[in-house]
Amino acid sequence: MSAGCIFCRIIKGEIPSKNIFEDDDVLVFHDIHPIAPVHFLIVPKLHIESLASAKHSDQVLLGKMLLLAPKLATELGLEGFRTMINTGREGGQDVFHIHIHVFGGGANLPKT
Ligand code: 5GP
Ligand code: ZN
């Protein structure tokens, strides 16, 4: 838990979210500003600032998060999806609590 972190507050239930999946380690919820018909965030309950500050001891947790992407995408009816982890200000990260974006559901995702 990190004071003032918006995702820690969502995990604590202080801010409402549209949850897709939850267990002891992870919360998955829909992005509040989706950039595709389906756009959700896979967020660990442990406050890790970014991929750049993840440690060797986070390896299993990060693997678990990654493997949730295809499982949940399939459950939500996506035939394909894109994953994205923004890291650092220059990497487009706005919320400094690591998360995997998963989005899809549209035929015209930009080819970047
Ligand atoms: P970043 O730019 O850090 O990779 O992505 C942060 C994402 O969190 C953005 O896509 C933004 O829309 C989403 N987000 C920010 N605040 C909230 C919130 O309070 N609720 C939800 N569901 N998503 C949020
Ligand atoms: Zn946090």
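Okay, the spacing of the zinc donors: along the chain, the donors of the zinc ion (ligand 2) follow C-x2-C-x38-H-x49-H. Before I go on, this is a predicted model, where local features need pLDDT of at least 70, side-chain atom pairs count only at pLDDT 80 or more, and totals for chains, interfaces and linings use all residues. Residues are numbered from 1 along each chain as its sequence is written, chains are lettered from A and ligands numbered from 1 in the order in which they are written, and side-chain values use heavy atoms, with hydrogens and water left out.

So who holds the zinc ion (ligand 2)? C5 and C8 each through SG, plus H47 and H97 each through ND1, at 2.0 to 2.3 Å. A donor here is an N, O or S atom within 2.8 Å of the metal (3.2 Å for Na, K and Ca), and with water not among the atoms, sites may look incomplete. The angles among the four donor atoms run from 103 to 117 degrees, and the site is tetrahedral, meaning four donors with all angles between 85 and 135 degrees. C8 sits in helix 1 (residues 6–11) and H47 in the loop between strand 3 (38–44) and helix 2 (59–75), so this pair ties together parts 39 residues apart in sequence. Helices (H or I, at least four residues) and strands (E, at least two) are DSSP runs, numbered from the N terminus.

Buried or exposed, what about C8? C8 is buried, at 3% relative accessible area, while H47 is partly exposed at 23%. Buried is under 20%, exposed over 50%, partly exposed in between (1.4 Å probe, protein chains only).

Over to ligand 1. It has 16 residues around it, the closest being D31, N86, D94, V95 and H101; the cut-off is a heavy atom within 4 Å. On the backbone side, a polar atom of H30 is 2.9 Å from a ligand 1 nitrogen, and a polar atom of V95 is 2.8 Å from a ligand 1 oxygen. The protein buries 85% of the 520 Å² that ligand 1 exposes when taken alone (Shrake-Rupley method, 1.4 Å probe).

Last, the core. The largest nonpolar one has 16 residues, and V26, V28 and F40 are among those with the most contacts inside it. Such a core is a set of buried Ala, Val, Leu, Ile, Met, Phe, Trp, Tyr and Cys residues joined through side-chain atoms within 4.5 Å. Helix 2 gives the largest share, six residues. M65 is in helix 2 and counts as buried, at 0% relative accessibility.

Note on methods:
Four donors count as tetrahedral if all angles lie between 85 and 135 degrees; four count as square planar and six as octahedral if opposite donors are over 155 degrees apart and all others between 65 and 115; anything else is irregular. A polar contact is a pair of N or O atoms within 3.5 Å; within protein, one must be able to donate a hydrogen and the other to accept it, and residues adjacent in sequence count only if both atoms are side-chain atoms.
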